[in-house]
Each structure stands twice: as C-alpha cells, then as structure tokens.
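Take a look at it first, then read on.

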Amino acid sequence: MFNKILIANRGEIAVRIIRTCRDMGIKTVAVYSTADQDALHVKYADEKYCIGPPSPTESYLKHLSLITAAELTNADAIHPGVGFLAEDALFAEICKEHKITFIGPSIDNLTEMGDKAEARETMAKAGLELVPGSRRHKGGILKKNPKKGVIESEEEALELAEKLGYPVGIKAVSGGGGRGIRIAYNDMALRNLFYTVKSEAEAAFGNAEVYLEKWIENARHIEVQVLADNHGNVIHLGERECSIQRKQQKLVEEAPSPSLSPKIRSEISRAAIRAVRSIGFSNAGTIEFLVDPEDNFYFLEMNTRIQVEHTVTEMITGIDLIKEQIRLAMGEELGYDQSDVNAMMNGHAIECRINAEDPDNNFTPSPGKIDGYLPPGGIGIRVDSHLYDGYVVPPFYDSLVAKLIAHGRDRTEAIARMKRALDEFTIGGIKTTIPLCKRIMNDERFLNGLVYTNFLEG
Amino acid sequence: MPEDKSPSTLDLLKQVCDIMENHDLAEVYLREGEVTLRVRRTGTSMPGPLVIQPPSYMHSQTEPTESNSAPSVQLPHEVEEVIKSPMLGRFYRAPNPDKPPYVEEGDTVAEETILCQIEAMKIFNDIPAPFSCEILEILAEDDTPVEYDQPLFRVRRT
C-alpha cells in the first residue's frame with residue numbers, strides 16, 4: 001500500500017486526486033508554483049512545497065523539482081494527473097530510477113503511444129482502421145518516411161490531398177489533445193497551412209513533422225475507457241461521446257454515446273480491448289475514435305493517462321478511476337471483470353467543462369478574483385473544481401476552472417438536471433463559459449443527440 | 001503633544017553615531033517605529049549636525065545647519081533585505097559536516113561569496129550572495145528542506 005503520493009499537478013485534477021488519496025488513507029504531497037500559493041490543492045494536501053515561479057517549465061514541468069519534492073517527503077508514488085508530465089516517458093523513467101512509482105502506464109506504453117504517427121502504425125497492426133491519410137494511402141507516395149507517414153513537402157501534400165479529396169487535416173506528429181491541427185478546404189489553403197502547422201508544431205513541440213489525413217465532416221468523436229492490470233486482465237468501462245468541441249478542445253462530454261447503435265458500440269469496445277492487449281498496456285487509458293456518418297470507426301489516438309472527462313464514466317459505473325489507477329500502480333489485479341462492469345452500467349451522464357473565458361468576447365481568458373462562488377447541488381449533480389470564494393484564478397495555466405457533471409437514469413433526466421444545475425451555478429468576479437453550456441443544453445441538435453465535431457461552427 | 005526626546009531615542013542616536021564612526025559611514029537613514037533619523041557625517045573624524053524627523057504629531061522640529069564639508073554618499077533606502085531560495089531542496093550551511101559553515105551571523109561577505117548549498121537529486125548547488133552584505137540572521141535550519149522563494153538569510157547591503 002502506498003503510504004504517500006505526490007500529486008504532480010494543479011487545479012481541479014489535483015484536488016480530485018487528493019480526494020481519492022484521502023478516501024484511501026494515503027498521505028498527500030502538493031507541489032505548487034508561487035502563483036498557486038493559495039490554491040485549493042495546496043490547502044487540502046498533508047504536505048506542500050513551493051517548487052518554482054509561475055511558469056510551468058520552471059515549476060510543474062521541472063523534473064528535478066518534482067523528484068526532489070518526492071524524495072524530501074519520502075513519497076512512494078507520483079500521480080501526474082492530466083497534461084503536464086502525464087505522458088512524459090522520460091519523467092516516468094526518472095521516477096523509476098529513483099524508486100518512485102509513476103502512477104500510469106509503463107515507460108514503453110508512454111513511448112510507443114507518445115509519437116502519434118508511430119501510434120497509428122502500432123494500432124494499424126493491432127487491426128484498427130485508420131482515417132485515410134498519408135499513413136494509409138495505397139499510392140505509396142512517401143519515399144522518405146514510409147513508416148511514419150510524414151509529409152515532407154508541399155507537393156506531396158497537394159498530391160495526396162487530391163487523392164483523398166478535400167477537406168484534409170494537416171496534423172503535427174507530436175501534437176495531440178487537439179493541438180497542432182489545421183484543416184484545409186482547397187489547394188490554396190493547403191499551401192499556406194502546411195507551413196503554418198509546421199512552424200506552430202516546431203514552436204509548441206520542438207518537432208515540425210506533420211502528416212495528412214482526410215478530414216471527415218459530421219464526424220463523431222467516440223472514446224473508450226480501458227483499465228488493464230499487470231496480470232493480463234483488460235476491461236473497458238464503456239465509451240464517451242466528446243463531439244462537442246471548440247477548436248478541437250472538448251467542451252461537453254457524455255457517457256454513453258447517444259448516437260451509437262448497440263452493434264457499433266460492441267464493435268468499438270472489442271476493437272479497443274484488442275488494441276490495448278496488443279501493446280501490453282497497463283493502468284488507465286483511453287482510445288479515441290472518429291466515427292463517420294456510415295458508422296465506420298477509425299483510430300485517432302490513444303491517451304495513456306487519466307482524462308479530464310473520466311468523470312462521466314465514473315458516474316455511470318460507480319467506479320473511482322483514480323482509485324483504480326492507484327491500485328493498479330500498486331500491482332493489484334483489476335477488481336472487476338467485464339461482466340461486473342457491464343452489470344454496473346447505469347444511466348446517463350453529461351459533463352460541461354467550465355472555463356474562465358469570455359464566450360461573448362472570442363473566449364478571451366478571464367483570470368481574476370472569484371467574488372461569490374455557489375456551486376449547484378441536488379441528486380445526480382457533481383462538481384469538480386478548485387474554485388472558492390476569494391480565490392484568484394491565475395493567468396498562467398489552462399482555463400478550466402470547473403467540471404459540472406449531471407447523472408440521470410436516462411439522457412433526458414441528465415439533461416434536465418444539467419440545465420437546472422447550470423442555472424444554479426454562480427461564479428462571480430470572472431467571465432465563464434457557463435452561458436455557452438446553457439446554449440448547448442438548449443440546442444435542438446444536442447437534445448436530439450445529433451452531435452458532430454462541427455457542432456459549434458453551425 | 002510634548003517633544004519626545006525619550007532616553008530610547010537618544011540612545012538610538014548614540015548608537016547610530018557609534019556605528020557610523022566604527023564603519024566609516026558618511027550617511028545613515030534609519031526608521032525605527034515612528035522615529036526617522038537621517039544622520040550625515042562631515043569629514044571622517046566627527047559626526048556633523050543631526051537632523052531628526054519626528055512623527056507628524058510633534059510640534060518642534062530641528063533644522064539642519066549646513067556645513068561646508070565633503071559631499072555625502074547616498075545609501076540605498078532599504079536597510080535590510082531577505083535572500084530567498086532559488087530552488088526546492090535540502091539546505092546545508094557547510095560544504096560537509098566536518099567543515100565550518102559558509103557564513104555565520106555577523107559576517108560581512110562580498111558579492112558572489114558562497115552562502116550555503118542546496119541539494120536536489122544528489123546535486124549540490126552553491127548559492128552565492130547576490131550583492132555584498134552583512135549576514136544579520138540565518139533563517140533556515142541546517143539539513144532541512146527549503147522550498148522555492150523561502151527566506152534563507154536576512155542581510156544588510158554593504
């Protein structure tokens with residue numbers, strides 16, 4: 001049993017992890033930058049250490065500081081949360097060298113799935129279909145990097161785009177989580193965006209390699225949550241529908257998907273399990289698929305970490321995924337088999353992500369002091385947030401300030417509760433995307449379950 | 001309210017004069033509670049006229065009498081500063097347990113003098129003085145964890 005876990009993260013996810021640790025009787029260590037001195041995760045943890053100035057590179061991303069904090073406190077394990085170092089294979093290796101358990105998949109899993117182009121290669125071998133693109137194109141245009149599907153020149157891109165048919169997506173090999181993607185609708189756009197993505201990718205990820213993929217309109221983003229132990233047991237906990245996105249960042253997620261037929265649901269789940277087994281995966285992960293209007297599903301990427309929207313899966317299964325991650329990291333066997341999970345599935349859950357952004361002003365970030373915080377309540381309502389009255393939202397980090405989750409026995413009930421909860425939710429002093437969430441909850445298309453990844457453009 | 005030339009204020013003046021003489025200072029600006037002192041020394045042998053700026057509720061004020069002497073040196077306003085830790089780690093006052101500490105309270109050190117070491121992941125980082133100063137107080141305990149920005153030394157610039 002772990003005696004102490006260091007949470008290498010901040011914000012609502014750090015609070016989330018600390019809560020489960022406390023439930024399990026595990027001591028917690030919070031690390032924070034000077035900008036997070038008054039953060040809730042710091043208040044909740046048993047021990048706390050300031051590790052640097054506001055900049056993430058000098059604080060939350062600094063391997064040295066995190067390992068030092070773990071050593072000073074004799075922490076047994078580090079939970080990396082989401083983002084930051086959650087998928088950093090090097091960090092996982094350093095943890096291992098220092099005899100600190102990295103709560104997550106193995107170093108090999110992280111390495112394999114971290115390079116998005118390589119991941120596609122691996123998953124194609126595991127029998128998953130890929131979105132038609134530079135990796136899968138039969139024409140064999142690629143001479144230099146046949147394995148990775150990397151597009152080297154504007155000419156290559158144009159040639160392939162003609163064969164695939166517009167629109168096409170230009171994607172950074174090192175991207176992921178919606179970053180490093182641009183869509184071209186014609187030759188001229190492709191000519192420009194090809195270089196745009198490359199330079200953006202170089203700046204953001206230090207790697208300018210890009211690949212091309214057919215861009216599917218009216219696509220649905222469906223992801224499957226998996227758990228695997230070190231004893232060969234793998235289960236899925238159902239899928240999540242995450243089609244409502246803004247600039248490829250998820251806004252609303254739900255479980256189960258309102259649009260999947262039982263047949264496709266079954267096929268996608270089985271495909272996910274097969275893929276996860278083939279790479280010897282362990283701990284928690286999510287396989288993301290794109291589903292086209294003909295119900296064909298294609299592998300997008302695999303996230304080898306816990307996800308922001310893990311909450312909706314927790315609501316429909318009753319399983320604490322962070323607890324499972326911790327147990328699996330301690331070497332325990334999965335506590336459930338697939339039939340257990342299937343029997344536990346209950347009802348429908350929806351999550352609205354609430355960001356400190358002004359939806360009426362081009363989503364300009366809105367940091368500042370919270371003046372009046374009143375979260376909603378009642379049956380089937382869950383709020384994951386690090387906000388409190390008087391807290392100052394710093395400008396240095398991502399803008400997610402709260403996750404509002406509603407559960408009901410069916411989708412209609414969940415929506416009704418979500419609407420009511422959004423009305424109750426008061427976050428004063430800053431602008432938030434609550435008004436946008438309300439609009440989505442009242443949108444005919446959403447209510448009819450007709451949600452595609454171009455939802456917000458319509 | 002009557003002029004307050006309490007013994008403590010006079011003692012303070014005497015102390016300031018002594019310090020100025022001993023350290024060959026030309027000017028001192030000191031705030032102690034509600035009393036502000038600016039003492040300027042002319043030449044190097046004797047302190048010159050005193051200027052006492054009492055709190056606003058006092059009636060009397062003494063005016064300085066200018067004297068013809070060497071120009072005075074302006075010292076920085078703040079007398080005391082705090083040197084903070086630039087990193088998370090374990091604080092060590094000496095290079096190893098057998099050696100004496102890098103600095104003690106009362107020491108005056110030049111800029112770049114090593115004040116302490118902070119260890120992180122088995123690497124010992126020398127922490128130099130950012131400016132020449134007198135060590136007034138050592139605020140962290142030897143062989144204990146210190147965090148980023150934690151106060152380590154209370155110093156006075158020299």
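What follows goes from domains to chains, and then to helices and strands.

## Domains of chain A

Keep in mind that this is a predicted model. Chain A splits into three parts: domain 1 covers 4-103, domain 2 covers 132-214 and domain 3 covers 220-457.

Let's look at domain 1 and domain 3 of chain A, whose centres, taken over C-alpha atoms, are 23 Å apart. Each of the two puts 23 residues into their contact. On the side of domain 1 of chain A that touches domain 3 of chain A, helix 1 (11-23) and helix 2 (40-44) of chain A are the elements giving two or more residues. Helix 1 of chain A gives the most there, with 6 residues. If you sort the residues on that side of domain 1 by class, you get 12 nonpolar, 5 polar and 6 charged.

## Where chain A meets chain B

How many residues does each chain bring to the contact? Chain A brings 11 residues and chain B brings 9 residues. On the chain A side, strand 3 (47-52) and helix 3 (63-73) each supply at least two residues. Helix 3 of chain A gives the most, with 6 residues.

## A pair of helices in chain A

Further along chain A, have a look at helix 13 (residues 411-424) and helix 14 (residues 434-441). Their axes come within 10 Å and cross at roughly 150°. An angle over 145 degrees counts as roughly antiparallel, and helix 13 and helix 14 of chain A are therefore roughly antiparallel to each other. Their crossing is left-handed.

## An open sheet in chain B

Over in chain B, 4 strands make an open sheet in the order 8-7-5-10, with antiparallel pairing. Strand 8 (123-128) and strand 10 (144-146) of chain B are at the edges with a single partner strand each, so one side of each has no neighbour in the sheet. Neighbouring strands are turned against each other by 40° on average, direction ignored.

Zoom in on strand 7 (residues 114-120) and strand 8 of chain B: they pair in the antiparallel sense over 6 bridges. In strand 8 of chain B, B:Asn125 stands opposite B:Ile118.

Methods
Residues numbered from 1 in each chain as written. Chains lettered and ligands numbered in written order. Predicted model: local features only at pLDDT ≥ 70, side-chain atom pairs only at ≥ 80, totals over all residues. Axes fitted to C-alpha atoms, helices over the stretch in contact; angles between N-to-C directions. Parallel < 35°, antiparallel > 145°, perpendicular 65-115°, else oblique. Left-handed = near helix turned anticlockwise from the far one by under 90°. Contact = placed C-beta atoms within 7 Å. Domains from an automatic or database assignment. Nonpolar A, V, L, I, M, F, W, Y, C, P; charged D, E, K, R; others polar. Pairing = 2+ DSSP bridges.
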